[in-house]
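Welcome! Take a look at it first, and then read on.

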Amino acid sequence: MGKKKDEKNEKKSKGRDVTVDLEDPSLYVNRELSFLRYNKRVLEEALDESHPLLERIKFLAIAADLLDEFFMIRVSGLRRQLAVGALKAPPDGMTPAEQLAAIRRQLLPQLARQYECWHEDLLPKLNRAGVKILRYQDLKRKQCKLMRTYFREEIFPALTPLAFDPGHPFPLISNLSINLAVVVDDVRHGRRFARLKVPNTFPRLLRIPSEETADEYQSLGLAQAMSNNFVWLEEVVSANLDILFPGVEVEAAYPFRVTRDADPEIEEDEASDLLVAIEESVRKRHFGSAVRLEIDETMPQQVRDILISNLGLAPYQVYTVDGRLGMADVMELMDVNRPDLKDRPFQPSVPPPLSTGESIFSVVRRHNILVYHPYDSFDPVIRFVREAAQDPEVLAIKQTLYRVGPDSPIVAALMAARENGKQVAVLVELKARFDEENNIVWARSLEEAGVHVVYGLVGLKTHAKICLVVRHEREGIRRYVHMATGNYNDVTARLYADLGYFTCDPDIGADLSDLFNALTGYSRKDQYRKLLVAPGKMQEQLIARIEREIEQHEKNGDGYIALKMNALVDKYCIRALYRASQAGVKIDLQPRGICCLRPGVPGVSENIEVTSIVGRFLEHARIYYFRNGGDEEILTGSADLMPRNLYRRVETLFPVEDPALKTALRDQILKIHLKDNMKTRRMLSDGSYERVQPQEGEPTINSQSWLIEHRGVWHSEE
């Protein structure tokens, strides 16, 4: 939405005696600092003893992994802005230098809390539960003998020590690899230094049998060990360096880890082959400029100085760790076979109409179907594509793929469809960050199967989750559609909370045909019958709905907006919400992660409440609800209220118009999340969060637990 349109709406607000300057930087929370507060909420789940023990460790690993990505993408971006002298400040007005300083200030206590949680809480509890992370120095004689044999036979051949001295250039250190700075004493040359990469081809946590059974594994091999005793890989390497450096004395080995810029720029306009350009950018990611150095606190100053100098880092980019580097790797412990230490599994529901064995197309012809994963099974989505691939009446399948995952049944069905003579067109988004390599493999496999593969639009990511099936029927051509908030990924569908929608609505089908034509060919179409499409008019249409709610409130006094999404960043959408609050419209916002709007500011946002849920599943659904004077409107789809979604991605939002499904979506899904008083945090006007506590006499509601217990209730009216 352009500045002129925003100024027009500001004038409307001034006509309502509103005089606050909505461009005031104090009304906006910095995007990066808001993310760190989200990461803190994830870490708090690791501290929450209501979770089973291994689930707490999962949250710790997720928090560490999110921070790695934050440095690779966001901090590296700020570093680039600092280098070139960025001229455009974010809505909060902070310069890149101010943001980098604030990030470090906010992050240091969070990191201290993370390591305290691991060492003083989770590790002792793991030990008591019979899952032991052993220090190498505490291994018994037979265990040490076994590990030395394993090192010599398996690990040693994969190691390459690289000296760094005047005769050897400083070695390239790959992104996020665990390394050892090895100090050796050579009788000829004195003290020398070497860098040793700990190979990532082995588990970070090596299983090790008990002392009593260690002898058995000398012949069986360590890979057969089924015990729940573990030792860190780098400790095994450190303890056996004498084998790697014969004839010299190994004084010490100090762990360190480098985080690099993993967001290389791709000159799409100049690339003759986007797939080749993406492959090259992925290769460069491993050796982008360094943005963070993590070092063990025992590392002496001389070794630190060598690393810092050769990596070209400033002091604020160095993080001294009192504990284990790369804590995201503790996710490996989720492979431990201890159901008693994990969340209780449940059987996802299936919509009753899809449980009869009838063709999915016959069912969808009669009525629309809403599914909510992981409470609902993902199988109907797979079945939709599989049936389309086998149905002789299906003429064509068109689909977008963003994050597909390994061994994808969806991709297999699309290839089968082509083998069966269907016209199949698939847009594989090669620029899906950190899934590029996987998507390149699938793109090539689909091409080899004869599928028409498109890599996306120049300058845009295609983030929309849409599948169109064109079927010849007695009455003529009919289009069947699946649209969703989440990826066509059967693995993440068990972990992410996402909505999906099956329909054969003629207008939506026609809209998707037009959109796919724009994605695979050339089109400047920006008018659609029912869909909201970015980067066209989606932002303008959403803000128009907020303005409509203001008008309805002035007529009826019952204005209400509820928006559930992943993030709220776009300044124009925020200003529209501020104007609605000033007009008296009640607003519930539930962004899971980043929120740049400040609730509860006098004269601006007293009528806005912001909450965030962090729980067993990743809240990933987008639901946009407008009361609209009683003629309620609910939209869902792939788009968040962020500049990248609204301007730089292909996104779709679609209306849920079926009265029964609209009621179910409002009452059985959206309202339940808004009533959560167990896993919800409320945002305060300063950008911080506090836990929501049940009021006296109020029943406790954990929305995700409630949805598991009542899964499928939203199908009762279908």
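How do α3 and α4 run relative to each other: roughly parallel or roughly antiparallel? This is a predicted model, and in it helices α3 and α4 pack at an angle of about 160°. Angles over 145 degrees count as roughly antiparallel, so α3 and α4 are roughly antiparallel to each other.

**The helix pair**
- Helix α3 covers residues 53-84 and helix α4 covers residues 96-128, and their axes are 11 Å apart.
- The crossing that α3 and α4 make is left-handed.
- Sorted by class, the contact of α3 with α4 has 21 nonpolar residues, along with four polar and four charged ones.

**The sheet as a whole**
- Six strands form an open sheet with mixed pairing, in the order β2-β4-β3-β7-β8-β9.
- At the edges are β2 (162-163) and β9 (318-321), each of which pairs on one side only.

**Strand by strand inside the sheet**
- Strand β3 (residues 178-186) runs antiparallel to strand β4 (residues 190-197), and eight bridges join them.
- To locate this pairing, look for Val182, which stands opposite Ala194 in β4.
- β3 also pairs with strand β7 (residues 249-260), in the antiparallel sense and over eight bridges.
- Here Ala181 has Tyr254 in β7 as its bridge partner.
- Next, β7 pairs with strand β8 (residues 290-296) over five bridges, in the antiparallel sense.
- For Arg260, the bridge partner in β8 is Ala290.

Methods:
Residues numbered from 1 in each chain as written. Predicted model: local features only at pLDDT ≥ 70, side-chain atom pairs only at ≥ 80, totals over all residues. Heavy atoms only, no water. Axes fitted to C-alpha atoms, helices over the stretch in contact; angles between N-to-C directions. Helix = DSSP H or I, 4+ residues; strand = E, 2+ residues; numbered from the N terminus. Parallel < 35°, antiparallel > 145°, perpendicular 65-115°, else oblique. Left-handed = near helix turned anticlockwise from the far one by under 90°. Nonpolar A, V, L, I, M, F, W, Y, C, P; charged D, E, K, R; others polar. Pairing = 2+ DSSP bridges.
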